Every structure is written in C-alpha cells, then in structure tokens.
Amino acid sequence: MLKLTRLREDKGWSRAELARRTGIHPAEIGKIEACRVRPYPSQIERIAAALGVKPGFLFDRNGWPLEDGRNGR
C-alpha cells in the first residue's frame, strides 16, 4: 500500500475528500494512487500539505508515490 493511501485512509478520508481539500479532481487522485500518472510538483505540494506531511514523505525524487512498507493494516 502507498504511504499516500494509508495516510488518507488513516484520516478517514475518501479520495473525494482529499480531492476537495487539494483542488485536484477525484479521478486524478485515483490515478495517482494507482501509480498510473505522476503528479505535477504543485499537486504533490497540495497533497502533502492537506495530509500534514512533507512531500518527500509521500513521493520520491521523481514524483512517484512511495510504498508504505508496512504489512497488512
């Protein structure tokens, strides 16, 4: 599971809620979480700010979402 997805779910937020808080379309949030698209730097900043973490916690240097590394839930 991605750090992004786990943190979003830990907050009890749907993709739609994260989209509302970031101004990013819910479908785009889904594509980012599915690693089908690499978000723009501005989107990375907005996602990290909404979740209350630094961008480097959620995304690698190339902008791809990072895996959580924890097993299970």
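**Entry 1: Pro55**

I started at Pro55, which touches Ile44, Glu45 and Ala48 once residues up to four places away in sequence are set aside. A reminder to myself: this is a predicted model. Pro55 is found in helix α5, residues 55–58.

**Entry 2: helix α1**

Next I looked up what is buried in helix α1, residues 3–10. After α1 comes Gly12, with a positive phi near 80°.

**Entry 3: α2 against α3**

I then turned to a helix pair. In general, two packed helices are described by the angle between their axes and the distance between the axes. Here the axes of α2 (residues 15–22) and α3 (residues 26–33) come within 8 Å and cross at roughly 110°. Angles of 65 to 115 degrees count as roughly perpendicular, so I wrote α2 and α3 down as roughly perpendicular to each other. The crossing is right-handed. From α2, the contact is made by Arg15, Ala16, Leu18, Ala19 and Thr22; α3 brings Pro26, Ile29, Gly30 and Glu33. Sorted by class, I have five nonpolar, two polar and two charged residues in this contact.

**Entry 4: the buried side of α3**

Staying with α3, I listed its buried residues: Ile29, Gly30, Ile32 and Glu33. Where do they sit around the axis? They cover an arc of only 160°, so they are on the same side of α3. That made me recall the helix rule: with 3.6 residues a turn, residues three or four places apart point the same way. The buried residues of α3 pack against α1, α2 and α4.

**Entry 5: Cys35**

Last, I followed the chain out of α3. Just after this helix, Cys35 takes a positive phi of about 60°. I flagged it, because most residues other than glycine have a negative phi. Cys35 has its place in the loop between α3 and α4, the latter being 41–51. At 34% relative accessibility, Cys35 counts as partly exposed.

Notes. Residues numbered from 1 in each chain as written. Predicted model: local features only at pLDDT ≥ 70, side-chain atom pairs only at ≥ 80, totals over all residues. Heavy atoms only, no water. Axes fitted to C-alpha atoms, helices over the stretch in contact; angles between N-to-C directions. Helix = DSSP H or I, 4+ residues; strand = E, 2+ residues; numbered from the N terminus. Parallel < 35°, antiparallel > 145°, perpendicular 65-115°, else oblique. Left-handed = near helix turned anticlockwise from the far one by under 90°. Contact = heavy atoms within 4.5 Å. Nonpolar A, V, L, I, M, F, W, Y, C, P; charged D, E, K, R; others polar. Buried < 20%, exposed > 50% of the residue type's maximum accessible area, 1.4 Å probe, protein only. Arc of directions from axis to C-beta.
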